[in-house]
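Please keep the sequence at hand while reading.

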Amino acid sequence: MKGLELSEKFYLEYGAPMIREQFPALESVIAVGLTGSGSECFGYDDELSADHDFEPGFCIFIPDETIISRKEEFAIERAYSRLPKEFMGYKRSPLSPVGGNRHGVIRIEDFLRSKTGKPDGNLSLSDWLFIPEQSAAEAVNGKLFRDDSGYFSAIRNKLSYMPEDVRLKKLAGELLVMGQSGQYNYPRCIQRGDSASAQLCICEFVKATIHVVFLVNKVYEPYYKWQFKALSALPRLSNLSADLEYLISSENGKDEAARKTGVVESICFSIISELGKLELTDYSGTEAEGHAYSINGKIENGDVRNLHILYAV
């Protein structure tokens, strides 16, 4: 069973009645769901995931102290802790008295601050340039089972994806890395007989390419161990997954290196073609670097456009 499904079932059977019976006056101002850290919040969990942090539990998101006091917060925490310790064969973990839990009662402002640096989700372009995408993804992933006021949902919708100028800045920077690492430096390292450095070039190329694919799809790039899994489900350019896996898992002998060089160029061609279809670049060449500068030139905000092209990488 998926963790998100387990969480919702546990909430519906025990959490919803607890809130309705013990805190009816607060139902209209809280939100309940499962979102944040953990593979289950992304739907990436599997049988292996159940060996840690996998349990029946949910988050009760509450507003600031002007609406729900510390005393009321403590009462909700106690009620949550008294819910059944086991559900559908899965045991619950005890709540930590020093915080850091993925489930239980969480202040909305604390959750948002931990993911975005701001308690209300109001971010400037500068803020967006510094927020790790995996953190932004954790702010909006999973599912809310209820949000009567719509307050938390509205913030999550606002954070659902980065502003276009920020996307273009990141896209430009990663394309430059693709060109430098894969199209330029990889063949040079091979010519020098430096196989180890050549493979580092390939790794940099693959990392940058994966990020470009997520940026093209307007989807936050997740934590590194889930990137290939998430990439394969994207609507655009997911077919590159097999070639990217080949690049980082193959040797750099003479014949293999020649093939890898061709794969790098094929990947660049696919991405450049997609950028053209989306009218994101005006450059006509085959070098990823040229498209990087073309895209950077399309950034509307002058301050962001004039930052170093690698600023957001």
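The model is predicted: local features need pLDDT of at least 70, side-chain atom pairs count only at pLDDT 80 or more, and totals for chains, interfaces and linings use all residues. Residues are numbered from 1 along each chain as its sequence is written, and side-chain values use heavy atoms, with hydrogens and water left out.

**Aromatic side chains**

The structure contains 15 aromatic pairs. Rings of Phe, Tyr and Trp (its six-membered ring) count as a pair if their centres lie within 6.5 Å; planes under 30 degrees apart are stacked, over 60 edge-to-face, and the rest tilted. Two of the pairs are set out here.

| Pair | Centre to centre | Angle between planes | Class |
|---|---|---|---|
| Phe-111 and Phe-152 | 5.9 Å | 85 degrees | edge-to-face |
| Phe-130 and Tyr-311 | 5.8 Å | 75 degrees | edge-to-face |

Phe-111 belongs to helix α4 (residues 108-116) and Phe-152 to helix α7 (residues 151-158), so this pair links distant parts of the chain, 41 residues apart. Helices are DSSP runs (H or I, at least four residues), numbered from the N terminus. Both Phe-111 and Phe-152 are buried. Buried stands for under 20% relative accessible area, exposed for over 50%, and partly exposed for what lies in between (1.4 Å probe, protein chains only).

Phe-130 is in helix α5 (residues 125-130) and Tyr-311 in the segment after α14 (302-305), so their pair ties together parts 181 residues apart in sequence. Phe-130 is exposed, at a relative accessible area of 57%, and Tyr-311 is partly exposed at 38%.

One aromatic cluster is formed by Phe-10, Tyr-11, Tyr-14, Phe-58, Tyr-80, Phe-87 and Phe-145.

Charges also sit over rings (NZ of Lys or CZ of Arg within 6 Å of the ring centre and within 35 degrees of the ring normal). Arg-156 lies over the face of Phe-152, 5.9 Å from the ring centre. Arg-259 is placed over the face of Tyr-246, at 4.2 Å from the ring centre.

**Helices α8 and α13**

How do α8 and α13 run relative to each other? The axes of helix α8 (residues 164-192) and helix α13 (residues 288-296) come within 7 Å and cross at roughly 165 degrees. Axes are lines fitted to C-alpha atoms, for helices over the stretch in contact, with angles from 0 to 180 degrees between N-to-C directions. The two helices are therefore roughly antiparallel, a class for angles over 145 degrees.

Residues of α8 at this meeting include Leu-168, Leu-171, Leu-175 and Met-178, and those of α13 include Ala-288, His-291, Ala-292 and Ile-295. Contact means heavy atoms within 4.5 Å. Seven of the nine residues in α13 are buried, among them Gly-290 and Ser-294. The buried residues of α13 pack against α8, α12 (254-277) and α14.

**Two single residues**

Val-212 lies in helix α9 (residues 195-217) and is buried, with a relative accessible area of 0%. Leaving out residues up to four places away in sequence, Val-212 touches Leu-171, Glu-174, Leu-175, Met-178 and Ile-271. Val-212 and Leu-175 are 37 residues apart in sequence and 7.1 Å apart in space, C-alpha to C-alpha.

Lys-158 is part of helix α7 and is partly exposed, with a relative accessible area of 41%. Apart from neighbours within four places in sequence, Lys-158 is in contact with Asp-120, Gly-121 and Asn-122. Lys-158 and Asn-239 are 81 residues apart in sequence and 30 Å apart in space, C-alpha to C-alpha.

Terms used
Parallel < 35°, antiparallel > 145°, perpendicular 65-115°, else oblique.
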